[in-house]
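Hello,

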Amino acid sequence: MKRVITFGTFDVFHVGHVNILERAAALGDYLIVGISSDQLNFSKKQRYPIYSQQDRTKIISSLKYVNEVFLEESLELKLEYIRKYKADILVMGDDWEGRFDWVKSDCEVIYLPRTPSISTTEIIEVVKQQ
Ligand code: C2G
């Protein structure tokens, strides 16, 4: 029984998000998703997400590949979350390549290629222009 963990904001949910969650789930038997809190997002990107953390949590919880969700409050707590949720594998998109190698003491780390040509930022830009 392999437990997989992944993290993200998943704001303005799109097919790139579905693809990474689907591939993460396929690497094990149980998928746990850490959803970046509104506050964490603000500290990383200097803006709040379009969707609130409650709505993002509701959307991710409703997916058939996802078994459990929690709010991620800090990037530095990765190892604590991995231990708490007893994860065997950490999956991240390759925009994070190398950034979480420091947790390899406790679990396997896999970076998956991002889905090309789609991102929350791009969707926001397109909508703004119209
Ligand atoms: N993603 C993807 N393809 C895209 C867009 C996103 O595979 N076209 C992946 C990202 O690589 C990430 C996940 O979807 O693994 C969530 O993306 P974001 O919501 O942008 O997550 P981010 O804000 O980078 O938060 O602890 C880490 C952070 O919380 C990750």
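Predicted model: local features only at pLDDT ≥ 70, side-chain atom pairs only at ≥ 80, totals over all residues.

The ligand sits in the largest pocket, whose volume is about 600 Å³. The lining of this pocket has 32 residues, and T9, H17, D95, W96 and R114 are the closest to the centre. Elements that give two or more residues to the lining are β1, α1, α2, β4 and α5 (120-129). Of these, α1 has the largest share, with four residues. By type, the lining divides into ten nonpolar, 13 polar and nine charged residues.

Now to the ligand itself. Around the ligand there are 21 residues, and S36, E72, K78, D95 and I118 come nearest. This shell is made up of seven nonpolar, eight polar and six charged residues. Here too α1 gives the most, with three residues.

- D95 has a polar side-chain atom 2.7 Å from an oxygen atom of the ligand.
- K44 has an N or O atom in its side chain 3.1 Å from an oxygen atom of the ligand.
- T115 has a polar backbone atom 2.8 Å from a nitrogen atom of the ligand.

How much of the ligand does the protein bury? Taken alone, the ligand exposes 640 Å², and the protein buries 95% of that. The elements that give two or more residues to the shell are β1 (3-8), α1 (15-26), α2 (38-45) and β4 (89-93).

Best wishes

Methods
Residues numbered from 1 in each chain as written. Heavy atoms only, no water. Near = heavy atom within 4 Å. Polar contact = N/O pair within 3.5 Å; in protein donor to acceptor, adjacent residues only side chain to side chain. Areas by Shrake-Rupley, 256 points an atom, 1.4 Å probe, with all protein chains shown as cover. 1 Å grid on protein atoms, 1.4 Å probe; cavity = no way out; pocket = protein on both sides within 12 Å on 5 of 7 lines; lining within 4 Å. Sits in = over half its atoms within 2 Å of the grid points. Nonpolar A, V, L, I, M, F, W, Y, C, P; charged D, E, K, R; others polar. Points joined across faces, edges and corners; volume = space filled by probe spheres on them.
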